[in-house]
Amino acid sequence: MDRALLFVIGLANRTVFAATRGRVVLYRFGGMPGVMVELEPHGEPGAIASFRDGDDHVLLADDADGALVESLRSATSAKVEADGRRYPAGIVVVEDAGERERLLKRMLEQASISERYEMKRRRLVPVARLTPQGAPEAFAEAVSGLRIG
């Protein structure tokens, strides 16, 4: 269903784009939401697909990405950069299949059509929950290396 709808939206986009010589685009696909995560003691920041569950960030990975899950299990803490803030976060790996299904259902309910398609295509599943701990840190350079101040 999502795939057929995305095809129709893409077809309409291309038609309008061609007719207006590139001045009008009906629908812009935003891609997957994500956060920058720096795991301690690993130290290397990386962008990870995620969705919000209240104040928490639920991290997503494909079924076969055992390296990310092992890194999350062995990490002692994390720093998260999202919404222009960087803050420490606690890590809880999602082990229970029932909890994983509940989070997946909630995630699919709040996702856009293109996000749902991308999650299904890449077989993304919830692997961990990052809970903010403490106040956001003041910083002039984001974990991503982009200057913000």
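Let's start with Arg129, which lies in strand β6 (strands are DSSP runs of E, at least two residues, and helices are runs of H or I, at least four, both numbered from the N terminus). Arg129 counts as buried because its relative accessibility is 15%, buried being under 20% relative accessible area, exposed over 50% and partly exposed in between, with a 1.4 Å probe and protein chains only. Its side chain makes a polar contact of 3.0 Å with that of Asp56; such a contact is a pair of N or O atoms within 3.5 Å, where one must be able to donate a hydrogen and the other to accept it, and residues adjacent in sequence count only if both atoms are side-chain atoms. Leaving out residues up to four places away in sequence, Arg129 also touches, among others, Asp53, Glu99 and Arg102 (contact means heavy atoms within 4.5 Å).

A word on the model itself. It is predicted, with local features needing pLDDT of at least 70 and side-chain atom pairs counting only at 80 or more, while totals for chains, interfaces and linings use all residues. Residues are numbered from 1 along each chain as its sequence is written, and side-chain values use heavy atoms, with hydrogens and water left out. The mean pLDDT (the predictor's confidence in each residue, from 0 to 100) is 79, and 84% of residues reach 70 or more.

Now zoom out. β6 belongs to a barrel that 6 strands close in the order β1-β2-β3-β6-β5-β4, with antiparallel pairing; strands pair if DSSP finds at least two bridges between them. Follow β1: 5 bridges link it to β2 (residues 45-53) in the antiparallel sense, with Met36 opposite Ala47. β1 also pairs antiparallel with β4 over 5 bridges, where Glu40 has Ser77 as its bridge partner. β4 (residues 77-82) in turn runs antiparallel to β5 (residues 85-93), again over 5 bridges, and Val80 partners Tyr87 there.
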